[in-house]
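Dear colleague,

Please find the structure below, handed over for your files. My notes on it follow.

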Amino acid sequence: MNIRTIVASLLLAGLIFQSCSKLDTPPTDVIDPSKAYRNLDDLNLGVLGAYAALTTSLIEAGAIVSDEVMYPTENTVSNNSAHRWLYNSTSGSVTSALYEYAVVIDRANRVLEAAPTIPAAGEQNRLDRYRAEALALRAYSYLELIRAYASSYEPNGMGMPYIKQRTLEYLPRESVKSNFDNLNADLQTAKEMIPSGLNDNTRITKTAIAAIQARAALYEKKWGDAITYASEVIAAEPLAPKSDFGKIWKDSSQSEVIWKLARAIGDSRLGAAFFRETGEIVLYAPSFKLIDLFGSNTQRADDVRFSSYIQYAPTRPAGKSQYLINKYVGGNTAYRGLTDVKLFRAGEMYLIKAEAELENNTGAAGITAAAKDLNDLRRARVYNYIDQNFTDKQSLLNAIYNERFKELAFEGHRFFDLKRRNLPVERTTQDAINTSGALKLEPTAAQYCFPISDREMSVNKNMIQNPNY
């Protein structure tokens, strides 16, 4: 979308984390919201501009630094420093999202600044919708920034400056608790304003807001809220039938897709992060650790996720990976890797609810409720599935995390799931043949958190870097 390039350049001086309090004159390289937005159609374009700035950087980075992919021998064309955990504040592969979400937030704030001045006679619901979308986009962006750049997910961890309006001040980091308080307030206000009848899954709906709330509650360990919001989504958006699940990733079914980023010819291809068409090179292959979780060949055939996510190609030449990531190939053979990006699905909500049920009630009732959610999801994904019984919390928690590993593979969750539990990233020897010994990333390592970029550190004198960088 050309609007990304155009508006990004126009807003360079207005990026959220860049500021200079010594400037007294208004910036000349941005459009004042009072002049840019004169009516509801203009405001809608502003909201669409905020959506357009959303990228897949964290999905790609989260996969590459985790244990869900491996670096195959055939990949001699890309830099594997992120995969080997050698990134630092100059590494764009892990720092670029900071600026990308800053653009989304800045555009959303400009919409919110202009909204009170827009005449909306007879169309108040439409105005409320655009305001709600802007608030929810801002909140979602901060949730993603917390996941990637917070020093920890604990309340006293270092979060990000939560910007609600344009400013030229140097802003310090706020606590993670403060970030969650602000984003939860934004989501609640948005939810009250968004029309219930809105069902366009390329835009934020009431169900999408509930999904964002559920994910936020999971990270904040507000288990009761996580159950409430995940249950709300589950009631509104059922799991895909087995016959439809594979079609989701070919963009020929909308089953269980709550919110997605629509992609058209000319847009960036998420699949290109894992496969290069020129030369047909597998850049990153599914890890054997992940493949083995799906069990035997018979069990893999019974699980609709395996063939939807992973392609087995035994006829590829010697020295080439026989396993490829199939999830983002898309439905257009002329544009391999171009597919709509599914940001929220019903499957995630079942796993959020299962984990929250288990943590919210550590007794038998919690185990029973969590096991039901897990079994319900598995039954929807696996032919001939027989419900599994659990008698203790830890074994069920391990099962839930393994299911998240499989269900949400390559969707940008695995690395942050391990971080939520303060667990190391551990690769098998088989998956680390080309990683120069990058087998285990401990929670005490600097790279366990993504760094604040050196550019931000040099501009904002009040910014503090994450530990150990």
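Helix α8 (residues 206-220) packs against helix α14 (residues 346-360) at an angle of about 40°, and the two axes are 10 Å apart. Please bear in mind that this is a predicted model. The crossing of α8 with α14 is left-handed. On the α8 side the residues involved are A211, A214, R215 and L218, and they meet E348, M349, I352 and E355 of α14. By class, the residues of this contact divide into five nonpolar, no polar and three charged.

From α4, the contact takes in S57, L58 and A61; from α5, it takes in S93, V94, S96, A97, E100 and Y101. The residues of the contact of α4 with α5 divide into five nonpolar, three polar and one charged.

Next, the aromatic rings. There are 23 aromatic pairs in the structure. In one of them, the ring centres of Y142 and Y162 are 3.9 Å apart and the planes are at 20°, so this pair is stacked. Y142 belongs to helix α6 (residues 124-149), while Y162 is in the loop between α6 and α7 (176-193); the pair links distant parts of the chain, 20 residues apart. Y142 and Y162 are both buried.

W259 and F344 give another stacked pair, so described because their ring centres are 6.2 Å apart and their planes are at 5°. W259 is in strand β2 (residues 257-261) and F344 is in strand β8 (residues 341-345), so this pair ties together parts that are 85 residues apart in sequence. W259 is buried, as is F344. Ring pairs also link Y87, Y149, F415, F416, Y448 and F450 into a cluster.

L377 is placed in helix α15 (residues 364-381). L377 counts as buried because its relative accessibility is 0%. Apart from neighbours within four places in sequence, L377 is in contact with L239, G347, Y350, L351, E403 and E407. Two of these contacts, G347 and Y350, fall within the residue range of α14.

Two residues have a backbone angle to note. Most residues other than glycine have a negative phi. E280, which is not a glycine, has a positive phi near 50°. E280 is in the loop between β3 (275-276) and β4 (281-282), and it counts as exposed because its relative accessibility is 51%. N468 is not a glycine either, and its phi is positive at about 75°. N468 sits in the segment after α18 (454-459). With a relative accessible area of 60%, N468 is exposed.

Regards

Technical notes:
Residues numbered from 1 in each chain as written. Predicted model: local features only at pLDDT ≥ 70, side-chain atom pairs only at ≥ 80, totals over all residues. Heavy atoms only, no water. Contact = heavy atoms within 4.5 Å. Helix = DSSP H or I, 4+ residues; strand = E, 2+ residues; numbered from the N terminus. Nonpolar A, V, L, I, M, F, W, Y, C, P; charged D, E, K, R; others polar. Axes fitted to C-alpha atoms, helices over the stretch in contact; angles between N-to-C directions. Left-handed = near helix turned anticlockwise from the far one by under 90°. Phe/Tyr/Trp six-rings, centres within 6.5 Å; stacked < 30°, edge-to-face > 60°. Buried < 20%, exposed > 50% of the residue type's maximum accessible area, 1.4 Å probe, protein only.
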